[in-house]
Amino acid sequence: MDFVLHNRFLTVGFSQKGGSLCSIKDNEGTEYLWQGDANYWSGQAPVLFPICGSLRKNQAQIGGNQLTEMPRHGIVRKQNFICREQKQESILFSIESNPEMEKQFPYPFRLDICYTLSDNQIITEYIVHNCGKQEMPFQIGGHPGFNCPLFAGENYTDYQLVFEKEETCTV
């Protein structure tokens with residue numbers, strides 16, 4: 001844990017590696033974020049950019065007929081971000097593309113991620129800057145893993161995921 005934000009409801013830890021969350025605790029010390037057991041999944045909350053998911057054989061054709069190779073979920077989740085600004089209830093991480101990244105994703109970019117605590121919520125903003133002259137296709141997303149069940153004696157079936165409106169599988 002490289003950085004921590006705290007308010008009267010939450011204590012949230014962040015890692016420069018991937019510019020991501022690494023801990024979400026309430027005032028009783030209950031850890032809500034998955035802590036990365038490699039027997040199941042070593043990740044915690046990677047940031048997915050410039051793709052979400054996998055490419056067949058880790059390859060794609062981009063920018064005309066250019067062939068690129070890129071790992072699952074893109075190129076930033078294992079890179080070190082810099083902390084550009086930390087305030088009492090917010091933190092801003094940033095990463096800029098470099099020649100090694102541009103071999104896989106040939107578009108210069110800067111990605112800023114701002115996390116803000118608002119009572120018992122964590123607001124995440126992704127700001128993608130195209131630093132080149134050509135149109136830059138991309139996807140971005142978060143992949144947080146949560147502890148479930150949270151407490152001894154509970155089961156997965158004791159929990160439910162509720163959305164603000166009905167979700168569909170249409171694309």
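**The core and its surroundings**

Reply: The model is predicted, so local features need pLDDT of at least 70 and side-chain atom pairs count only at pLDDT 80 or more, while totals for chains, interfaces and linings use all residues. Residues are numbered from 1 along each chain as its sequence is written, and side-chain values use heavy atoms, with hydrogens and water left out.

The largest nonpolar core has 31 residues, and those with the most contacts inside it are Phe14, Leu21, Val76, Phe105, Phe109, Leu111 and Tyr115. Such a core is a set of buried Ala, Val, Leu, Ile, Met, Phe, Trp, Tyr and Cys residues joined through side-chain atoms within 4.5 Å; buried means under 20% relative accessible area, exposed over 50%, and partly exposed in between, with a 1.4 Å probe and protein chains only. At least two residues of this core come from each of strand S1 (3-6), strand S2 (10-15), strand S3 (20-26), strand S5 (59-62), S8 and strand S9 (109-118), and S9 gives the largest share, five residues. Strands here are DSSP runs of E with at least two residues, numbered from the N terminus.

Phe109 is in contact, meaning heavy atoms within 4.5 Å, with Phe49, Ile75, Val76, Ile95, Glu96, Ser97, Met101, His129, Cys131 and Met136, when residues up to four places away in sequence are not counted.

Three of the strands form an open antiparallel sheet in the order S1-S2-S3, where two strands pair if DSSP finds at least two bridges between them. S1 and S3 are its edge strands, each pairing on one side only. S2 and S3 are joined in the antiparallel sense over six bridges, and Thr11 has Lys25 in S3 as its bridge partner.

Glu89 lies in the loop between strand S7 (82-86) and strand S8 (90-96), and counts as partly exposed at 31% relative accessibility. Apart from neighbours within four places in sequence, Glu89 is in contact with Leu5, His6, Asn7, Tyr115, Thr116 and Leu117. The C-alpha atoms of Glu89 and Cys114, 25 residues apart along the chain, are separated by 11 Å.

Cysteines are also present, but the structure holds zero disulfides, a disulfide being a pair of cysteine sulfur atoms within 2.5 Å. For Cys83, the closest cysteine sulfur is in Cys114 at 10 Å, which is too far for a bond. Cys83 is partly exposed, with a relative accessible area of 25%, and Cys52 is likewise partly exposed, at 36%.

Notes
Helices (H or I, at least four residues) and strands (E, at least two) are DSSP runs, numbered from the N terminus.
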